Amino acid sequence: EVQLVESGGGLVQPGGSLRLSCAASGFTFSSYAMSWYRQAPGKERELVARIINAGGGTNYADSVKGRFTISRDNAKNTVYLQMNSLKPEDTAVYYCNAKKYWTEFWGQGTQVSVSS
């Protein structure tokens, strides 16, 4: 069974930090590019960050560049999203995604709320 199990979401004040984790199982983690997406109420899902199979390349949405960092630990089958300097606009459900060619898996989503 393919599983992407997320953790680390929650409520944080503006300017605070959170680290999201996504633990993968049921597939060859190291062969997949891993990404974090987010979707706020009433808005389209957007790509936040992506890291390639071996972790040698990353891409970020312009809105999070300089604040968020994606990383992966292939030995632990886990991808992380370190989120710093959080803003209310970052409030969304964050989804973990694994992709290789035409194969794609999604996590269940975890809520991140940034509010005073």
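Colleague: Is E46 buried, exposed or partly exposed?
Modeller: E46 is partly exposed, with a relative accessible area of 31%. Here buried means under 20% relative accessible area, exposed means over 50%, and partly exposed is what falls in between, with a 1.4 Å probe and protein chains only. Please keep in mind that this is a predicted model, in which local features need pLDDT of at least 70 and side-chain atom pairs count only at pLDDT 80 or more, while totals for chains, interfaces and linings use all residues. Residues are numbered from 1 along each chain as its sequence is written, and side-chain values use heavy atoms, with hydrogens and water left out.

Colleague: Which side chain does E46 meet in a salt bridge?
Modeller: E46 pairs with R38, at 2.6 Å from N to O. A salt bridge here is a side-chain nitrogen of Lys or Arg within 4 Å of a carboxyl oxygen of Asp or Glu. In general, side chains of opposite charge can pair when their charged atoms come close.

Colleague: What about R67 and D90, where do they lie?
Modeller: Their side chains meet in a salt bridge at 2.8 Å, N to O. R67 is in the loop between β6 (58-60) and β7 (68-73) and D90 in the loop between β8 and β9, so the pair ties together parts that are 23 residues apart in sequence. R67 is buried at 10% relative accessible area, and D90 is buried too, at 2%. Taken together, R38, E46, R67 and D90 are linked in a network of salt bridges.

Colleague: How many salt bridges does the count come to?
Modeller: The count comes to four.

Colleague: New topic: which residues does V64 touch?
Modeller: If residues up to four places away in sequence are not counted, V64 touches R38 and V48, where contact means heavy atoms within 4.5 Å. V64 lies in the loop between β6 and β7, and at 0% relative accessibility V64 counts as buried.

Colleague: And W102, buried or exposed?
Modeller: W102 is exposed, with a relative accessible area of 83%, and W102 is found in the loop between β9 and β10 (103-106). The C-alpha atoms of W102 and E46 are separated by 19 Å, and the two residues are 56 apart along the chain.

Colleague: Zooming out, how many helices and strands does the chain have?
Modeller: The chain has zero helices and eleven strands. Its radius of gyration is 13 Å, close to the 13 Å that the globule rule gives for 116 residues, so the chain is as compact as a globular protein of that length. That radius is taken over C-alpha atoms, and the globule rule is 2.2 Å times the number of residues to the power 0.38.

Colleague: What share of the residues is buried?
Modeller: Buried residues make up 41% of the 116 in the chain. As for extent, the C-alpha trace spans about 40 × 25 × 25 Å along its principal axes.

Key:
Helices (H or I, at least four residues) and strands (E, at least two) are DSSP runs, numbered from the N terminus.
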